[in-house]
Amino acid sequence: FIKMLSNRTVSVLKWGRCEAYTAVYPKVPDRVLNFSPLPSLSSPNRNLSAFPAQVYMSENGALPRLGKVLTADTMNANVKKVDYAVRGPIVQRAVQIEKELKEGVKKPFEEVIKANIGDAHAMGQRPITFFRQVMALCTYPLLLDDNKFPEDVKNRARRILQSCGGNSIGAYTTSQGIDCVRHDVANYIQRRDGGIPSDPDNIYLTTGASDGIVTILKLLNTGEGRTRTGVMISIPQYPLYSASIAELGAVQVNYYLNEEKCWSLDISELQRSLQAAREHCNPSVLCIINPGNPTGQVQSRQCIEDVIQFAAKENLFLMADEVYQDNVYAEGCEFHSFKKVLFEMGPEYSSKVELASFHSTSKCYMGECGFRGGYMEVINMDPEVKAQLTKLVSVRLCPPAPGQALMDLVVNSPQPGEPSHQTFMKERTAILSALAEKAKLTEQILNTVPGISCNPVQGAMYSFPRITLPERSINEAKAKGQAPDMFYCMKLLEETGICLVPGSGFGQREGTYHFRMTILPPTDKLKTLLNKLKEFHQKFTQQYS
Amino acid sequence: TINRAIQTAHARCRGSLGPWLPMRFITAEAKASAGRLDGKMREKTLTMDTLNPQVKAVEYAVRGPIVIKAGEIERYLEEGGTKPFSEVIKANIGDAHAMGQQPITFLRQVVALCTFPELMDSPSFPEDAKWRARRILQGCGGHSLGSYSASPGVECIRKDIAAYIEQRDEGVPSDWENIYLTTGASDGIMTILRLLVSGKDSSRTGVMIPIPQYPLYSAAISEMDAVQVNYYLDEDNCWALDINELHRAHQAAKQHCQPRVICIINPGNPTGQVQSKKCIEEVLHFAYEENLFVMSDEVYQDNVYAPDCQFHSFKKVLYEMGPEYFSSVELVSFHSTSKGYTGECGFRGGYMEVINMDPEVKAQLVKLLSVRLCPPLAGQAAMDVIVNPPQPEEHTFKQFHQEKSSVLGALAEKAKLTEQILNAVPGIKCNPVQGAMYAFPRIFIPPKAVEEAKALGMQPDMLYCLRLLEETGICVVPGSGFGQKDRTYHFRMTILPSIEKLNVLLGKVRDFHIRFLKEYSGLE
């Protein structure tokens with residue numbers, strides 16, 4: 001009889017906490033077989049005699065325990081393996097501390113400074129006026145009659161609305177993205193790359209760059225055991241990559257950037273890593289982040305050419321994460337898009353190498369993270385696969401229309417002669433030059449601290465300095481089951497309110513330790529932050545030496 | 001365009017090797033030369049052979065081949081081509097604004113203020129909208145909609161949602177920490193399924209879904225390689241859910257997988273039925289007995305038209321069944337900005353409420369969400385207005401209320417109209433559209449047409465819908481895209497076009513159907 005009862009009923013009986021309910025629903029197997037109707041819920045039938053006494057008393061240990069359907073044991077194992085340090089435990093603790101401060105708990109600092117994430121507006125950066133004006137008009141078209149808005153703002157808004165269903169930003173767009181936005185993106189890429197053609201049919205709008213990256217990885221993920229897709233990623237990397245690889249159950253293939261050479265990418269290291277990976281998986285994708293996150297390096301044209309040649313030779317699909325393309329600060333550095341270099345290498349490459357490149361509204365001078373705007377351009381993708389990609393993105397219906405509109409403005413910004421041009425340029429330049437200044441400042445101050453060494457922040461929004469940790473602190477961390485740089489960052493947070501992400505969240509060579517900090521706080525605040533960091537590091541070193 | 005792109009690319013590909021070479025041969029040839037960089041023979045890394053097979057298995061009819069065809073016809077008309085009609089009417093998707101529905105003024109005012117806070121000084125915006133915008137911005141980093149929010153969403157919006165649910169459910173408590181903002185409801189549904197899918201072979205997660213279903217479910221199940229477990233809704237009984245059928249489906253599925261989740265769509269998509277309280281009680285009891293995780297898709301909760309129907313949330317019913325149920329059945333319910341009376345699909349706003357989730361799993365959920373950083377802020381703001389609308393004492397209440405009831409009143413009228421006109425057509429039978437935004441009538445397709453479709457390798461209702469599109473410009477989705485009992489045929493159409501347009505559309509469907517019957521019954 002026990003066998004005939006559902007697990008839930010049996011375990012409920014075993015727990016013995018709810019006679020009433022089991023009595024109301026005597027689980028007679030007949031019901032399943034004969035489809036006899038349920039007893040009415042409104043008139044509970046407390047006929048306990050439906051249950052033989054031995055069932056009530058059953059304490060047979062073999063019976064399944066009443067538990068949740070979804071537990072840490074039964075859930076998708078791949079999800080458990082996902083790690084995302086940028087919003088990991090240290091950030092959760094930071095949020096907690098913020099709450100404690102609000103509740104009046106005394107701390108050795110007044111506020112938490114979140115230098116863990118590239119979130120420009122949260123750090124006080126002002127939105128670009130032109131962007132927000134157009135967005136306001138798209139949202140509330142009655143403002144098109146308001147003479148306070150310049151004509152170029154109105155024109156952009158009208159154009160975007162005209163290509164939305166029912167002229168509303170509240171309509172679904174086509175899954176690939178609004179037609180005119182894709183055209184504008186293609187034109188932008190063409191201009192950026194000195195005239196190399198870009199086809200709007202190759203452009204897919206995305207929900208931030210992350211969405212695009214995950215989608216492409218999803219297409220590529222296949223095989224079992226030794227034929228499982230291997231994804232080559234740089235170490236250190238932006239943890240979206242490792243997280244997606246874990247979630248998809250793909251194989252992570254690490255190649256190490258060269259810290260001694262300004263975090264540059266070394267082809268012989270790519271070769272080593274690929275050879276090693278081929279022993280146990282099928283490496284078929286190579287991911288590049290340029291400018292680098294968290295490393296801030298900007299790749300030389302030569303390096304990109306070498307990477308493309310390598311990908312061509314080894315039959316690798318290239319994914320170029322270029323969301324920091326406008327964030328280049330160092331003299332002598334310049335952003336080269338993978339697409340442009342690919343096409344300059346001649347048709348043998350440009351007609352063959354499969355490339356997806358990603359961009360976003362979240363970084364550069366815009367910092368519009370909350371809009372979740374972005375695009376990807378796919379080159380040389382098999383047409384049948386492209387149809388599959390279009391199908392796959394259609395399940396999610398479309399990327400947010402406001403994010404698409406914003407992406408449009410980024411690629412179609414005010415031109416000389418338009419009323420908003422001057423203000424736009426002023427705002428843009430101010431943000432980018434402040435970032436350049438802060439990049440320099442961060443490098444300089446950090447390098448004055450004994451035990452900290454920081455590569456130049458050539459681009460992007462982060463510095464990723466190496467820190468020397470005393471042996472005793474390493475042992476103490478290990479005793480606590482923590483990565484030594486996690487231990488360091490936690491202490492930094494508790495003592496100074498500064499929230500950084502430990503290098504272990506991005507990956508680093510064994511025995512080396514780092515942290516990632518954004519260079520986004522306003523200059524004054526950044527100085528304070530860096531000085532506090534300096535003091536902390538000295539104290540920490542003393543304490544554990 | 002997609003087909004065209006594919007054709008051109010095919011042509012290009014063949015051109016380089018001679019048009020006589022079939023695709024298969026190219027592939028084999030290239031494999032032999034893999035690794036050799038003479039360029040000319042380099043094979044693509046990502047082909048149909050190497051593509052993730054789960055992606056290949058995904059189908060999503062709402063934006064499937066018929067919609068692609070509709071797009072092609074639209075472009076053809078724009079370029080001056082002629083057809084027996086002047087425009088394509090897309091009744092394939094619940095996209096209210098695209099069908100001419102006006103946005104709710106108040107919602108847009110709040111979002112515009114959040115977007116461009118300089119408007120706070122403008123006298124043309126009402127104070128009610130301004131204080132809401134200010135409040136949302138205060139919850140945003142740097143007071144900007146451009147900053148990332150916490151991954152579960154902006155805190156004050158989560159609190160507003162919890163308060164809304166509590167009010168909707170007449171006091172049943174809702175904890176704001178159980179609320180997660182999402183990128184439309186689809187995102188939330190995918191995320192929860194992702195947590196649930198595990199195991200191999202006979203222990204692989206089975207997901208019980210209604211047939212007909214909204215194809216997001218089958219697509220997500222394919223993509224995750226879970227096992228789809230169908231339970232059939234009872235067409236003869238207004239598409240009601242039959243508890244005996246749940247038992248049947250569950251028993252049958254246990255032979256080859258481990259059914260762990262039951263998905264419910266209420267009000268139903270595509271079926272439009274609204275579940276009775278008793279039915280929901282039975283489902284919850286079933287889930288309780290069989291240890292199933294419950295996912296209740298309640299995005300149409302404001303779209304109930306039939307006078308004898310009422311929306312009951314799964315959460316509230318669960319609570320009323322008593323503490324043993326309320327403290328044990330794991331339930332996630334979903335809502336969205338896209339439907340209801342707002343129809344704000346483009347904002348991709350939504351939320352889910354998670355009940356009785358294991359705390360460790362909840363931590364995993366938060367971690368998983370954090371990888372995607374956060375749902376779009378504008379969508380979160382729109383969601384906030386929906387759960388925190390103008391109150392009777394506020395200035396904007398009157399206009400808001402008027403707009404809301406006019407949208408919902410028109411939908412109710414269109415629901416009735418659609419049912420009536422379709423039922424007057426011989427060979428079409430339409431259940432009452434009690435709620436949601438669609439009619440899903442059953443259509444009789446003559447055997448000759450069925451044979452013709454089979455010869456074309458096509459579902460009979462796909463043939464029907466393609467013909468309808470070609471001859472009238474009306475785009476509806478074949479029932480086979482949602483699932484239906486063998487040898488029954490349906491289509492889904494939205495009731496969203498304006499009344500005048502809907503009248504025209506239904507008249508055209510009627511004429512087409514009669515013509516189609518005649519043609520294939522040899523009566524012509």
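View 1. The model is predicted; local features need pLDDT of at least 70, side-chain atom pairs count only at pLDDT 80 or more, and totals for chains, interfaces and linings use all residues. Residues are numbered from 1 along each chain as its sequence is written, chains are lettered from A in the order in which they are written, and side-chain values use heavy atoms, without hydrogens and water. A search of the whole structure finds ten cavities of 30 Å³ or more. A cavity is a set of points on a 1 Å grid over the protein atoms alone where a 1.4 Å probe fits but cannot get out.

**View 2. The lining of the largest cavity counts 36 residues.** Lining residues have an atom within 4 Å of a point. Nearest the centre lie A:Thr207, A:Asp211, A:Arg396, B:Asp187 and B:Arg372. By class, the lining has 16 nonpolar, ten polar and ten charged residues.

**View 3. B:Asp187 forms a salt bridge with A:Arg396.** Their closest N and O atoms are 3.8 Å apart. A salt bridge is a side-chain nitrogen of Lys or Arg within 4 Å of a carboxyl oxygen of Asp or Glu. Five salt bridges are found across the interface of chain A and chain B.

**View 4. In contact are 113 residues of chain A and 117 residues of chain B.** Contact means heavy atoms within 4.5 Å. The area buried between the chains is about 10,100 Å² (accessible area, 1.4 Å probe, lost on being put together, summed over both). Carbon and sulfur atoms give 58% of that area.

How values were computed: On a 1 Å grid over the protein atoms alone, a cavity is a set of points where a 1.4 Å probe fits but cannot get out, and a pocket is an open set with protein on both sides within 12 Å along at least five of seven lines; lining residues have an atom within 4 Å of a point. Grid points are joined across faces, edges and corners, and a volume is the space filled by probe spheres set on the points. Ala, Val, Leu, Ile, Met, Phe, Trp, Tyr, Cys and Pro count as nonpolar, Asp, Glu, Lys and Arg as charged, and the others, Gly among them, as polar. Buried area is the accessible area (1.4 Å probe) that two parts lose on being put together, summed over both.
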